[in-house]
Amino acid sequence: MANLLWLQGGACSGNTMSFLNAEEPSACDLVTDFGINVLWHPSLGLELGDNLKKLLNALTSGQMPLDIFVFEGTVVNAPNGTGEWNRFAGRAMRDWVSDLCKVANFVVAVGDCATWGGIPATAPNPSESQGLQFLKRDQGGFLGKDYKSKAGLPVINIPGCPAHPDWITQIVVAVATGRAGDLTLDEFQRPKTFFTSFTQTGCTRNMHFAYKVSATEFGQRKGCLFYDLGCRGPMTHSPCNRVLWNRQSSKTRAGMPCMGCTEPEFPFFDLAPGTVFKTQTVMGVPKDMPSGVDKTGYIKLTAAAKAASPRWAEEDIFVV
Ligand code: SF4
Ligand code: SF4
């Protein structure tokens, strides 16, 4: 049996909703098939009031072992570093987080807010929000850059807004069944198994990307969403087109540009009208290039691809 505790800081509950929709494995499978004992969760926990405080105190005092601590949402530090804007079970949530991270064998941050600070930490960040071990791209965050859980790992970051349900449950199962040693993490502490490939890997619009054929409006079935609509699929690490959403779709398959939510900078730009779903360009060349491509190479490739583009690339070939 592995004891799991899930708490929420500055959050919209999106990652909880995502978790409850997991299918491979489901949240129920965690309990019935993988021996995970969910001590408490904001939507599933039974204890209230003093009983919940007793449970949390038993964990922080070491009376009860805490194998996996899952945190969703930002660590709220306002006002003035006290964390009093986000109180939980009689004290600032940030104080619970600090104490629980000292006793947990593994700490898992779920969603952009817990990993990088996400939308709440966007300037001017009135809630003084931080991610558990990052603030945007800067390592450190609330726990500091040297933090390691009792098992010797840093915080395992599962970003996304929300994170895909199966990324969450599969990582929790790996940790609970003693396979944490198989997890390799990238420079942002994301499990490489999910976050090495790009959103573009498996995108059905790849042929349109290659021939520089653009989609001009949302939901259009032909064309790539990169050239006009700001798709960040070529520079975003995620398996959204490999581990499909609801087992059958993804943003780009539905004709919606990837917004790059698994990267620390999300949300990109200043969110002013016209900056999100519009490709930002300088003299007609996108400001942000696909990963590993330089501007000169991109310009040459564009000219060659356009010249070589077959007629079918301009047609809607998805007949069903
Ligand atoms: S840019 Fe976006 S829409 Fe185009 S191929 Fe890549 S992921 Fe798909
Ligand atoms: S497609 Fe992009 S924006 Fe959508 S969930 Fe995946 S990484 Fe996030």
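## Basis

In this predicted model, local features need pLDDT of at least 70 and side-chain atom pairs count only at pLDDT 80 or more, while totals for chains, interfaces and linings use all residues. Residues are numbered from 1 along each chain as its sequence is written, chains are lettered from A and ligands numbered from 1 in the order in which they are written, and side-chain values use heavy atoms, without hydrogens or water.

## Glu72

Strand S3 (residues 66-72) contains Glu72; strands are DSSP runs (E) of at least two residues, numbered from the N terminus. Glu72 is buried and has no salt bridge. Buried means under 20% relative accessible area with a 1.4 Å probe, protein chains only; a salt bridge is a side-chain nitrogen of Lys or Arg within 4 Å of a carboxyl oxygen of Asp or Glu. The nearest side chain of opposite charge, Lys251, is 16 Å away.

## Leu20

Leu20 lies in helix H1 (residues 14-20); helices are DSSP runs (H or I) of at least four residues.

## Lys222

The loop between helix H8 (206-210) and strand S12 (281-282) holds Lys222. Lys222 is buried, at 19% relative accessible area. Its side chain reaches the backbone oxygen of Glu314 at 3.0 Å.

Technical notes. Buried means under 20% relative accessible area, exposed over 50%, partly exposed in between (1.4 Å probe, protein chains only). Lys and Arg count as positive and Asp and Glu as negative; His and the chain ends are not counted. A polar contact is a pair of N or O atoms within 3.5 Å; within protein, one must be able to donate a hydrogen and the other to accept it, and residues adjacent in sequence count only if both atoms are side-chain atoms.
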